[in-house]
Amino acid sequence: MIARDNPFAPSRLEKVLAFDPALIGTTWENLDTLWLQHGQRAAITGHKGSGKTSLLQAWGLRLEAAGRPTARLFFNLERNRLDASDREILRTCTCTGRILLVDGDCHLPWLQRRELRRASRAAAGVLLARHQPGPWPVLIRLQPDLRLAETLLRRAAPQFASHLQASLHQKLGNHRGNLRELWLDYYAQLSEA
């Protein structure tokens, strides 16, 4: 199968599998209420590939659509230091009262995590996506299971779902519940077909 026809192409999945709170038994209103209860400072937690980044992105879009400006910072194993542009975002964020969305701050060294936390105090709100809560209250912990993977598989590739369903349980286990790796596995499988 050529790449443009592969239903598991990452760019396609971003659109087709945008975060839907109903799939994890909640609503945007419930999530908003929880965030307010935590003073608009909380963390979305979960293991790799559990949907944290998808939720953070979707939340950011909702905030922007509601006229609430955001600032975003992203870190991972390769990008694991605050740089000048990050510090400028933090400075601007505190000046304009934007909501700070931070993905993967747990990859920063301890002193830089402390710097980020200190700089974020004046932000209008802070929402983080991280593996463990650390010093932040947990807004929601994402734990994908087989039922969710089945639902997402039907959304992502309805024309192949019945065929791929047989291997879903084993593949999900092989990838330890990491949905991102699961979809890449199916992408490779269909690419070879």
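**Close-up 1. Leu 179 and the residues that it touches in this predicted model.** Leaving aside residues up to four places away in sequence, Leu 179 is in contact (heavy atoms within 4.5 Å) with Gly 49, Pro 144, Leu 148, Ala 149, Leu 152 and Leu 172. This is a predicted model, in which local features need pLDDT of at least 70, side-chain atom pairs count only at pLDDT 80 or more, and totals for chains, interfaces and linings use all residues. Residues are numbered from 1 along each chain as its sequence is written, and side-chain values use heavy atoms, with hydrogens and water left out.

**Close-up 2. The largest nonpolar core.** A nonpolar core is a set of buried Ala, Val, Leu, Ile, Met, Phe, Trp, Tyr and Cys residues joined through side-chain atoms within 4.5 Å, where buried means under 20% relative accessible area with a 1.4 Å probe, protein chains only. The largest one holds 19 residues, and those with the most contacts inside it are Phe 8, Leu 152, Leu 153, Leu 179, Leu 182, Trp 183 and Tyr 186. At least two residues of this core come from each of α6 (146–156), α7 and α8, helices being DSSP runs of H or I with at least four residues, numbered from the N terminus.

**Close-up 3. The packing of α6 and α7.** The axes, lines fitted to C-alpha atoms over the stretch in contact, with angles from 0 to 180 degrees between N-to-C directions, lie 10 Å apart at an angle of about 150°. The two helices, α6 and α7, are therefore roughly antiparallel (over 145 degrees) to each other. Leu 146, Ala 149, Glu 150, Leu 153 and Arg 154 in α6 meet Ala 161, Leu 164, Gln 165, Leu 168, His 169 and Leu 172 in α7.

Notes. Buried means under 20% relative accessible area, exposed over 50%, partly exposed in between (1.4 Å probe, protein chains only). Angles under 35 degrees count as roughly parallel, over 145 as roughly antiparallel, 65 to 115 as roughly perpendicular and the rest as oblique.
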